Amino acid sequence: MVTKKQYIEYLLHTPINYTASNLANHLEGVSHDAVSDFLTRGKATSRQIWELAKPLIADTATSFLILDDSVQDKNYSKKIDLVKKQYSGVTHSLVRGIDVVNLVHYDISSGFNPIDYRIYAPMQDGKTKMEHAQEMVIAAKKEKGIQASILLMDSFYASVKNFKLFHRMGMIFVSQLKSNRLVSLTKEGGYIHMQELEWTEETIKEGISVKLKELPFRLQLFKVVAPNGDIDRVVTNHPDHVTSEVVQKKNDIRWKIEEMHRELKQLTGIEKCQARKARIQRNHSSYCYSAWFSIKQKARELGTNVYALRNGLFYDYLKTVLKKPIIPAYPLAC
């Protein structure tokens, strides 16, 4: 029999192979079937992630919620239930993978912590990524009692419907807009593409008040430089006048969520599960989030970063094997 604790500790310590067979080969008295049964019979969900995050977050009205999604690359497989063609922001192309919509809490004192996620699987549940995002934000405020009032999101989630919903909820949103969106400066001037806007030194600093179609309130639009050097068009419904410097800092926070995505992929094997069944993929993903919390907390305790902690697991092994190599260099290479 395999336990949840054993599986998570396996994810944390295996160097490259995250398969059920590999776990069975290294866990005494456990068969491949036992590992598969464990991954099939359970139902690990995002609720368990909230239980892990709840005692860790410093939540105030000035904290942030961040909406973003990440694609688990599964290009090697054509028979995994949840896999479909997705647009990957990493490769900037369509890849076969599993898309996960994340809701992350950020506060300067507690850092980034995922509090909810949804696997985008429209063939299974009929829901869009927009609907998943809306449900998570609503649940965060109404069910989890999250006080964070600032919501950061990229251009994919910048729909009029989302803006209306989050505004009604009392959220201050800061969101990217795609460059082809139409905006209006005045009622008489009609709507124009954002690319046609003329920016002056003053408007770059102070922003421009704009109107989006079908949105009953105005937004403040900014032209800011993203951490990767790209130019982002960012809007906010902030009730007070804010400057580009303020919006730039908030936009930079949203970009840092990519660090969490990389850590999940590189340190927990979230992309590496090769099982075909949707339930196993879902359970594996949930356990990978648990593994992320485990390594993040241990790194915080030791005052180090997650990569140094993970790489340190193999420090003693390398010292030992270099004294007496298991595979000596071939004589011709000496």
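## The largest cavity

Helix H10 contributes the most residues to the lining of the largest cavity, namely 3, in a model that is predicted, where local features need pLDDT of at least 70, side-chain atom pairs count only at pLDDT 80 or more, and totals for chains, interfaces and linings use all residues. Residues are numbered from 1 along each chain as its sequence is written, and side-chain values use heavy atoms, with hydrogens and water left out. Helices (H or I, at least four residues) and strands (E, at least two) are DSSP runs, numbered from the N terminus.

The structure holds 1 cavity of 30 Å³ or more, a cavity being a set of points, on a 1 Å grid over the protein atoms alone, where a 1.4 Å probe fits but cannot get out, with lining residues having an atom within 4 Å of a point. The space in the largest cavity is about 60 Å³, where a volume is the space filled by probe spheres set on the points, which are joined across faces, edges and corners. Its lining consists of Ser 70, Gln 72, Val 100, Asn 102, His 261, Leu 264, Lys 265, Ile 270 and Tyr 289, and strand S1 (64-73), strand S3 (93-107) and H10 are the elements that give two or more residues to this lining.

## Helix H10 against helix H11

Helix H10 (residues 257-268) packs with H11 at an angle of about 100°, their axes lying 10 Å apart, where axes are lines fitted to C-alpha atoms, for helices over the stretch in contact, and angles run from 0 to 180 degrees between N-to-C directions. H10 is therefore roughly perpendicular to H11, a label for angles of 65 to 115 degrees. In this contact (heavy atoms within 4.5 Å), Met 260, Glu 263, Leu 264, Leu 267 and Thr 268 of H10 meet Cys 288, Tyr 289, Ala 291, Trp 292, Ile 295 and Lys 296 of H11.

## Helix H3 against helix H11

The axes of helix H3 (residues 32-41) and helix H11 (residues 278-302) come within 7 Å and cross at roughly 85°. Ser 36, Phe 38, Leu 39 and Thr 40 of H3 make the contact with Arg 279, Ile 280, Asn 283 and Tyr 287 of H11.

## Salt bridges

Across the whole structure, a search finds 12 salt bridges, each a side-chain nitrogen of Lys or Arg within 4 Å of a carboxyl oxygen of Asp or Glu. Glu 9 forms one with Lys 5, with 2.7 Å between the closest N and O atoms, and these two residues, 4 apart in helix H1 (residues 4-13), are separated by about one helical turn.

Note on methods: Angles under 35 degrees count as roughly parallel, over 145 as roughly antiparallel, 65 to 115 as roughly perpendicular and the rest as oblique. On a 1 Å grid over the protein atoms alone, a cavity is a set of points where a 1.4 Å probe fits but cannot get out, and a pocket is an open set with protein on both sides within 12 Å along at least five of seven lines; lining residues have an atom within 4 Å of a point.
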